[in-house]
Amino acid sequence: MPISAAKLIARFGSPLYVYDLAVVRARAGALATSISYRPFLPLYAIKANPCPAVVRAIVEEGYGIDAVSPGEVAIALRLGVDPGRILFTENNMTDAEMVTAMQQGVTINCGSLDRLERLAAAGGREASVRFNPDIGAGAHEKICTAGPLTKFGVHFSQVEKVARLEQGSGLRVVGCHMHIGSGILDAEVYARAMAVILSVAERLPNLRFVDFGGGIGIPYREGQPAVDLAALGAQASTLMGAFTARYGRPLELRLEPGRYLVAESGTLLTTVTSVKRNPDTAQASGRTYVGCDTGFNHLVRVAMYDAYHRIDNLSERDAPLTAVDVVGNICESGDVFARARLLPAPQLGDILALRDAGAYGMAMASTYNTRPLPAEVVVDGDQVRLARPRQTIEQLLDASIW
Ligand SMILES: Cc1ncc(COP(=O)(O)O)c(C=O)c1O
């Protein structure tokens, strides 16, 4: 990065989300080149990081958008993305949301039979259907989005119902979709789910695309192996090649990663505001708590998914390594970023970097404890730009009617 963390904080304040667009572009390019099959349209699952500067960089790499809410569709449209390249993967959408999406001209990816029926009844001409291949995956049960315990998708065994609905209406099912989970590092589970989805796709005669979803994980832990992207891309390409030969015409392949494209680009910088050592007691040996000026309101992944984020002390590189608990400033005992983490002994005023925070970080941030949202900055080569100013307490309070 062209500018030190200390300078960034001096200029933009703390805590601060920083995204390096070079990393985003590199990941977008790597994923696109892993797929040899054509036609191929990669989508970006905007939910991972909706910061407009980040989304724009990915769109400029040739990506369309997977949006899961009207707000995400609005971001894509405001950035000038062609509606034909936006997939609205609905989840329990309302009729009003459905009508808006139809007017916007985006493809609605229905996650239930009744929503598909409502779309047909409302005069919808085209839809995609999200199927549950009954094979789930993911780094945590809360991010497993297929299998028996999920609210998502039409079970793959119900494809005949989808086909009958299509025959009896003016609606064409043009897309066959799955998204089995998030944080997947094992390419093999994908391949099994893809095969199920392709068996479903064979029953749908009007398809234009097959979408294998997102879910590609990243190595959050030191030494953790990365997903074998080449193997994954080769598997998807081979399966699609064989399928389109059987289907009789080439269908577009789509993937819709979120985390893979943005996680490693992001760092949450925070400043140490307190260091305390609890004394040893008869029950337990004392711990050292390193408190900082952010918390799970800004990065909830550790509290919510037991996630692991690498943490670097950017200020005290030569201090002795010490086991510390890194905790936030939210009034909750679960506000813990790391337990017994070995760091160069942090001191007041040190800057800590929570790594790989570019996905589901700011996107999931809240104002719990009436704490404002942090600022976001993008680094683009030797340029540093403010992407979102820090929210003020006044702005937070002014959102309510007094
Ligand atoms: C429908 C859909 N597609 C794609 C994604 C992106 O997943 P990931 O960030 O794991 O690639 C998600 C995330 O949960 C999703 O819900």
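I began with a working rule: two residues are in contact if their C-beta atoms, placed from the backbone, lie within 7 Å. Helices (H or I, at least four residues) and strands (E, at least two) are DSSP runs, numbered from the N terminus.

A note to myself on the source: this is a predicted model, where local features need pLDDT of at least 70, side-chain atom pairs count only at pLDDT 80 or more, and totals for chains, interfaces and linings use all residues. Residues are numbered from 1 along each chain as its sequence is written.

**Entry: helix H6**

I looked up which residues of H6 (residues 113-121) are buried, meaning that 20 or more other C-beta atoms lie within 10 Å of the residue's own, with 12 or fewer for exposed, partly exposed in between, and C-beta atoms placed from the backbone. They are Arg115, Leu116 and Leu119. Seen down the axis of H6, these fall within an arc of 105 degrees (taken from the directions from the helix axis to the C-beta atoms), so they line one face of the helix. Asp114 and Ala121 are exposed, on the face turned away from the buried side. I then checked what covers the buried residues: the cover includes helix H5 (95-104), strand E5 (107-110), strand E6 (126-132) and helix H7 (159-167). Just after H6, I found Gly123 with a positive phi of about 90 degrees.

**Entry: domains**

The domain assignment (bounds come from an automatic or database assignment) gives domain 1 as 5-16 + 264-398 and domain 2 as 35-257. Their C-alpha centres lie 34 Å apart. I found 19 residues of domain 1 in contact with 14 residues of domain 2. On the domain 1 side, helix H11 (301-305), strand E17 (375-380) and strand E18 (383-388) each give two or more residues. E18 gives the most, with three.

The core draws at least three residues from each of domain 1 and domain 2. Leaving aside neighbours within four places in sequence, I listed the contacts of Ile58: Val24, Ala28, Tyr44, Tyr63 and Leu261.
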